[in-house]
Amino acid sequence: MGQKLLIVDDQYGIRILLNEVFQKEGYQTFQAANGYQALDIVEKHSPDLVLLDMKIPGMDGIEILKRLKAINSDIQVIIMTAYGELDMIQESKDLGAITHFAKPFDIDEIRDAVRKNMPRQSV
């Protein structure tokens, strides 16, 4: 099986777009519309990398990030936000996010970031 990527975004269209792009790249993809789904997927499937939207109703991105890291401290997380909230971006990096993208994002930039930050599979 390919490397596993979890896409967490409450916007259906963005999840579908990212899912399509990364399936074509050969990743095994999972989608979550909220934090509870995301945490469930992480516990069951141990994705290698997570694309995480910061503004999700219910449990926000910071809370999701904290809980993801509690489940697996080595999980790679790239955050996405439509808001220029520098404090939230800084807090997420302090919590271990590797980089961030502002929406609307350039799909090629996200593809490159996933490629660069996806942990290499051990053989």
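**Exercise 1.** Which residues does Ser92 touch, not counting residues up to four places away in sequence?

*Solution.* Start with the ground rules. This is a predicted model, where local features need pLDDT of at least 70, side-chain atom pairs count only at pLDDT 80 or more, and totals for chains, interfaces and linings use all residues. Residues are numbered from 1 along each chain as its sequence is written, and side-chain values use heavy atoms, with hydrogens and water left out.

Step 1. Ser92 lies in helix 4, residues 86–94. Helices (H or I, at least four residues) and strands (E, at least two) are DSSP runs, numbered from the N terminus.

Step 2. List the contacts. Contact means heavy atoms within 4.5 Å. Ser92 touches Met54, Ile62, Leu65, Ile79 and Ala97, leaving out residues up to four places away in sequence.

Step 3. Ser92 has a relative accessible area of 0%, so it is buried. Buried means under 20% relative accessible area, exposed over 50%, partly exposed in between (1.4 Å probe, protein chains only).

Step 4. Look at the side chain. A polar atom of it lies 2.7 Å from the backbone oxygen of Ile89.

**Exercise 2.** Describe the setting of Asp53.

*Solution.* Step 1. Asp53 lies in strand 3, residues 49–53.

Step 1. Its relative accessibility is 3%, so Asp53 counts as buried.

Step 2. Asp53 touches Val8, Asp9, Asp10, Gly61, Met80, Thr81 and Lys103, not counting residues up to four places away in sequence.

Step 3. Consult the record. In an unreviewed entry, UniProt lists Asp53 for "modified residue: 4-aspartylphosphate". Such annotations may be inferred rather than shown by experiment; positions are given in the numbering used here, and feature names are shortened.

**Exercise 3.** Find the buried residues of helix 3 and what covers them.

*Solution.* Step 1. Helix 3 spans residues 61–71, and its buried residues are Gly61, Ile62, Ile64, Leu65, Leu68 and Lys69.

Step 1. These residues cover an arc of only 160 degrees around the axis, so they sit on the same side of helix 3. The arc is that of the directions from the helix axis to the C-beta atoms.

Step 2. The cover includes helix 2 (35–45), strand 3, strand 4 (76–81) and helix 4.

**Exercise 4.** Describe the order of elements in the protein.

*Solution.* Step 1. Count them: five helices and five strands.

Step 1. Read from the N terminus: β-α-β-α-β-α-β-α-β-α.

Step 2. Of the 123 residues, 44% count as buried.

Definitions and conventions. A polar contact is a pair of N or O atoms within 3.5 Å; within protein, one must be able to donate a hydrogen and the other to accept it, and residues adjacent in sequence count only if both atoms are side-chain atoms.
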